[in-house]
Amino acid sequence: MSASPTASRSLPIAAGFWFAVTAFGQAAFLAYIAGFYGPTLVTGDFQRWTRNENLGHGYVPGDDRGNLLFAVHVGLAAILTLGGLLQLLPALRRRAPVLHRWTGRIFMVSALAAALGGAALTWLRHDANSSLINDIAITGNALAILICAAFAWRTALKRDFVNHQAWATRLFLVVSGVWFLRVGMVAWGIAGQGWGIAAFFDVWVFGAYLVPLAIYEIYRRAKRADRLAQRAAAGLLALTGLVILAGSLGAAAFMWLPLLQAT
């Protein structure tokens, strides 16, 4: 999609900042997944997951099949996080298109498997952290992943690369819903010192995948809008990028690093 003739330089700069802090935060999340879950996936010592008190649908004593399903789900999360980071690299598309296509296929298949597996875990394994609102939101996230994956695949087959890139980006955003959930909750907790955290969760569990989609749509439309709209969109990207950065740093410091140090 070409930019408006009156394009403001602030829009691409803000967009680059937004995706840079997102990549940073997801790289930290990937390090946590690899460091915390990696050893248990190799040894099969799934009981160590109980160290994460915020983990929902995790280890259940005696439920070997469910524990294995969750382990596969965690493995897919690592693949998706790494694959998503690779798909964000424009240089990969330009210089290694074959690698980009195969990475995209693996990402898409993994996204479908993770969405279906996550929905199954949500409705089949209930624990103290579960609620109907949470279950409905996660199911909605899974449906969004299935829809975006279908359109991304269809546009790729039709060689409609402009729309394919848009749907692939949407797929990346909804797949990242679990990560946005954590980062957003930490950012809210830091800003409000824990005020209204439960109420915010009931809203953000939907917003974690719907808000990034909305921001992306605003960005896409702003690229063809006038300079004032582009600057407004740039401000939105810069502000939410700062929230993502704060949430990522907070999650790494208060959630992920302590678990890694205790491993």
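In the protein chain, contacts between residues 24 or more positions apart account for 71% of the contacts with a separation of 6 or more. The model in which these contacts were counted is a predicted one. The protein chain contains nine helices and zero strands, and the pattern read along the sequence is accordingly written α-α-α-α-α-α-α-α-α.

The overall dimensions were considered next. Along the principal axes, the C-alpha atoms of the protein chain fill a box of roughly 60 × 45 × 35 Å. The radius of gyration of the protein chain is 19 Å, which agrees with a compact globule, because a globule of 263 residues would have a value near 18 Å. Of the 263 residues in the protein chain, 41% are buried, where a residue counts as buried if its relative accessible area is under 20%.

The lining of the largest cavity consists of A15, W18, F19, L173, P212, I215, Y216, Y219 and L237. Two or more of these lining residues are given by each of helix 1 (10-43) and helix 8 (197-222), and helix 8 provides the largest share, with four residues. When the lining of the largest cavity is divided by class, nine residues are nonpolar, whereas no polar and no charged residues are found there.

Among the open spaces, the second largest pocket contains about 1,200 Å³ of space. This pocket is lined by 38 residues, of which R93, H100, H164, Q165 and A168 are the closest to its centre. The elements that contribute two or more residues to the lining of the second largest pocket are helix 1, helix 2 (64-87), helix 3 (90-95), helix 4 (97-124), helix 5 (132-157), helix 6 (161-175) and helix 8. Helix 6 gives the most to this lining, with nine residues. By class, the lining of the second largest pocket is made up of 24 nonpolar, eight polar and six charged residues, while the lining of the largest cavity has no polar and no charged residues.

Conventions. Residues numbered from 1 in each chain as written. Predicted model: local features only at pLDDT ≥ 70, side-chain atom pairs only at ≥ 80, totals over all residues. Heavy atoms only, no water. 1 Å grid on protein atoms, 1.4 Å probe; cavity = no way out; pocket = protein on both sides within 12 Å on 5 of 7 lines; lining within 4 Å. Nonpolar A, V, L, I, M, F, W, Y, C, P; charged D, E, K, R; others polar. Rg over C-alpha atoms; globule rule 2.2 N^0.38 Å. Buried < 20%, exposed > 50% of the residue type's maximum accessible area, 1.4 Å probe, protein only. Contact = heavy atoms within 4.5 Å. Points joined across faces, edges and corners; volume = space filled by probe spheres on them.
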